[in-house]
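Here is a short note to read beside the model. Keep the sequence and the 3D view open, and find each residue as you go.

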Amino acid sequence: MSGMAKKLGGEILHRIQTEQALFDFRLTQVSPVLLILDRRNDPVTPLLSQWTYQAMVHELLGIHNGRVDLSKVPDIRPELKDITLTLQTDPFFSHNHLATFGDLGMNLKSYVNSYQSRSVSTSSINSIGDMKRFIEEYPEFQKLGGNVSKHVALVGELSRLVGRDSLMDVGEVEQGLASGSGADFKSVQALVTNPSIQPFNRLRLVMLYALRYQKQASSNIATLVAQLQENGVSQEEALLVYAVLNMAGADQRQDDLFSIENIFAKGRSALKGLKGVENVYMQHRPHLAETLENLTKGRLKDTSYPFIENQKSVGPNSVLQKPQDVIVFVIGGTTYEEARVVSLLNQELAGNGTSMNPGTRILLGGTSVHNSSSYIAMIRAALANFPASFTQPPTEVPGGTTSTSTATGSSSSSTGPSLNVQLGGLNLSVGGIAGTGLYRSAGEGVSIQADGIRDGVKNLFGKVKQGVESIGLP
């Protein structure tokens with residue numbers, strides 16, 4: 001269990017109990033569920049290259065308050081240097097924000113063809129009626145033309161960046177590491193020493209390799225960190241590989257992202273319900289998908305995801321009740337890949353007759369929406385709160401845990417505090433991942449707990465390139 005999630009849950013419950021008028025909502029048969037998750041339980045998802053439209057735009061260009069800055073795009077038209085990109089105001093983006101990059105190119109070509117056919121029809125004005133119809137339709141036609149130009153420029157820039165940075169080569173190895181489908185030390189090493197790969201992408205690859213093989217190949221991790229420094233990555237940046245292990249490595253996560261059991265479970269889940277693995281670039285499924293599927297089916301273990309202690313309204317079997325409304329909040333930030341999982345799951349649960357739990361609604365939130373740059377920046381900023389030893393390899397200690405130095409001293413890491421004392425409605429937490437602090441809880445009485453808690457997709461770029469370069473706007 002995450003110490004930070006427990007602390008936030010306790011504070012929210014205290015606020016609900018002390019300000020009941022703010023939370024006086026209509027009672028439902030099944031109470032809504034607030035699921036608080038810790039980003040450290042899945043550090044892999046925010047490190048990956050993205051291959052769906054919305055996620056790619058955020059990864060490669062950045063989406064900030066619904067706007068995208070294209071001012072650095074070569075030969076960009078002045079009116080397209082800063083564009084709006086929202087689901088509410090952009091019908092093409094609304095229909096394609098979850099589309100894979102390969103499908104996007106063909107959809108964009110169809111969109112442009114539709115615009116061109118309308119352009120031809122409006123060019124022939126032979127009567128007063130034609131003029132009247134043209135004047136009535138002109139504002140919509142002009143808006144459509146601007147939207148077409150926007151998405152052509154946007155997809156064209158994504159295509160340029162994919163080619164320039166060899167992201168298809170990078171993405172294939174990333175997916176192999178994340179899904180356990182075959183990337184190894186030599187494939188990572190080949191890209192780390194490849195001059196066409198950007199230094200930042202080399203760093204991401206080594207981080208993913210370290211997370212995947214932390215327990216099996218520590219010497220290979222050290223070799224890759226050294227090779228990063230020999231190939232354009234500064235020592236300060238290269239040592240972030242160890243920082244991510246100390247913050248979100250195997251001994252800091254409550255779930256095993258890479259176990260054979262989990263891989264098979266994800267494979268089974270992908271083969272039913274959703275359309276499954278579309279290509280080598282879409283093999284990875286965020287850990288959130290498995291968590292939500294277990295929750296909606298009443299299989300989420302309360303030992304790993306416990307309720308806040310001693311809630312009077314929560315019975316021993318309440319976790320088995322299938323919720324109707326679920327709010328997921330990720331401490332440390334969520335991603336657009338996880339938002340896609342929630343969107344597809346909501347569609348599946350929308351009562352289409354095939355869902356096991358129709359009517360369930362899921363809302364996803366977090367402290368931020370990450371791309372790989374912002375996630376690594378968060379790790380870098382967090383180092384200010386830890387000693388320099390946090391950028392050194394985690395040290396194995398007897399018992400199979402990892403010894404790391406925290407801001408409060410050296411301790412043997414676990415997912416819970418090293419000392420947890422509960423006195424009535426107050427909880428004193430000393431050490432552990434969440435740090436030291438005094439916070440409220442829902443507990444009563446006194447307790448002490450110590451040492452707690454390359455197939456057909458290879459033509460993907462060609463499809464997009466064809467969809468963009470073969471069109472011509474008037």
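1. Start with the kind of model. It is a predicted one. Keep that in mind at each point.

2. Now look at the aromatic rings. A pair of rings is described by the distance of the centres and the angle of the planes. The structure holds six aromatic pairs. Take Phe92 and Tyr111 as one of them: the ring centres lie 4.5 Å apart and the planes meet at 20°, so this pair is stacked. The cut-off behind that word is an angle under 30 degrees. The pair joins distant parts of the chain, 19 residues apart. Phe92 belongs to helix H3 (residues 91–96), and Tyr111 to helix H4 (residues 101–123). Both Phe92 and Tyr111 are buried.

3. Compare a second pair, Phe185 and Tyr209. Here the centres are 6.1 Å apart and the planes stand at 55°, so the pair is tilted. Again, distant parts of the chain are linked: Phe185 is in helix H7 (residues 185–192) and Tyr209 in helix H8 (residues 199–213), 24 residues apart. The cut-off for buried is under 20%.

4. Stay with these rings a moment. Phe185, Tyr209 and Tyr213 are linked by ring pairs into a cluster. Tyr213 has a charged neighbour too. Arg212 lies over the face of Tyr213, at 4.9 Å from the ring centre.

5. H7 and H8 pack with their axes 9 Å apart, at an angle of about 165°. How are the two helices oriented to each other? They are roughly antiparallel, because the angle is over 145 degrees. H7 passes H8 in a left-handed crossing. On the H7 side, the contact is made by Phe185, Val188, Leu191 and Val192. On the H8 side, Arg202, Leu205, Val206 and Tyr209 make the contact. Note that Phe185 and Tyr209, the tilted pair, are among these contact residues.

6. H6 and H7 pack at an angle of about 150°, and their axes are 11 Å apart. That makes H6 roughly antiparallel to H7. The crossing of H6 past H7 is left-handed. Which residues meet here? From H6 come Asp169, Val170, Val173 and Leu177. From H7 come Ser187, Val188 and Leu191. Val188 and Leu191 of H7 also take part in the contact with H8.

7. Next, find helix H13 (residues 287–296). How many of its residues are buried? The count is 10 of the 10, so H13 is largely enclosed by the rest of the structure. The buried residues include His287, Glu290, Glu293 and Asn294. Leucines are on the list too, among them Leu288, Leu292 and Leu295. After H13 comes Gly298, with a positive phi near 70°.

8. Positive phi also turns up in residues other than glycine. Asn65 has a phi near 55°. Asn65 sits in the loop between helix H2 (53–60) and strand E2 (67–69). At 81% relative accessibility, Asn65 counts as exposed. Ser166 has a phi near 50°. The place of Ser166 is the loop between helix H5 (128–164) and helix H6 (167–179). Ser166 is buried, with a relative accessible area of 16%.

9. Val330 shows how sequence and space can part ways. Val330 is in strand E4 (residues 325–331). Its relative accessibility is 4%, so Val330 counts as buried. Where is Arg39 in relation to Val330? The two are 291 residues apart in sequence and 6.1 Å apart in space, C-alpha to C-alpha. Leaving out residues up to four places away in sequence, Val330 touches Leu37, Asp38, Arg39, Leu364, Gly365, Gly366 and Thr367.

10. Finish with Glu237, in helix H10 (residues 235–238). Its relative accessible area is 19%, so Glu237 is buried. Beyond residues up to four places away in sequence, Glu237 touches Leu203 and Arg380.

Conventions
Residues numbered from 1 in each chain as written. Predicted model: local features only at pLDDT ≥ 70, side-chain atom pairs only at ≥ 80, totals over all residues. Heavy atoms only, no water. Phe/Tyr/Trp six-rings, centres within 6.5 Å; stacked < 30°, edge-to-face > 60°. Helix = DSSP H or I, 4+ residues; strand = E, 2+ residues; numbered from the N terminus. Buried < 20%, exposed > 50% of the residue type's maximum accessible area, 1.4 Å probe, protein only. Lys NZ or Arg CZ within 6 Å of the ring centre and 35° of its normal. Contact = heavy atoms within 4.5 Å. Axes fitted to C-alpha atoms, helices over the stretch in contact; angles between N-to-C directions. Parallel < 35°, antiparallel > 145°, perpendicular 65-115°, else oblique. Left-handed = near helix turned anticlockwise from the far one by under 90°.
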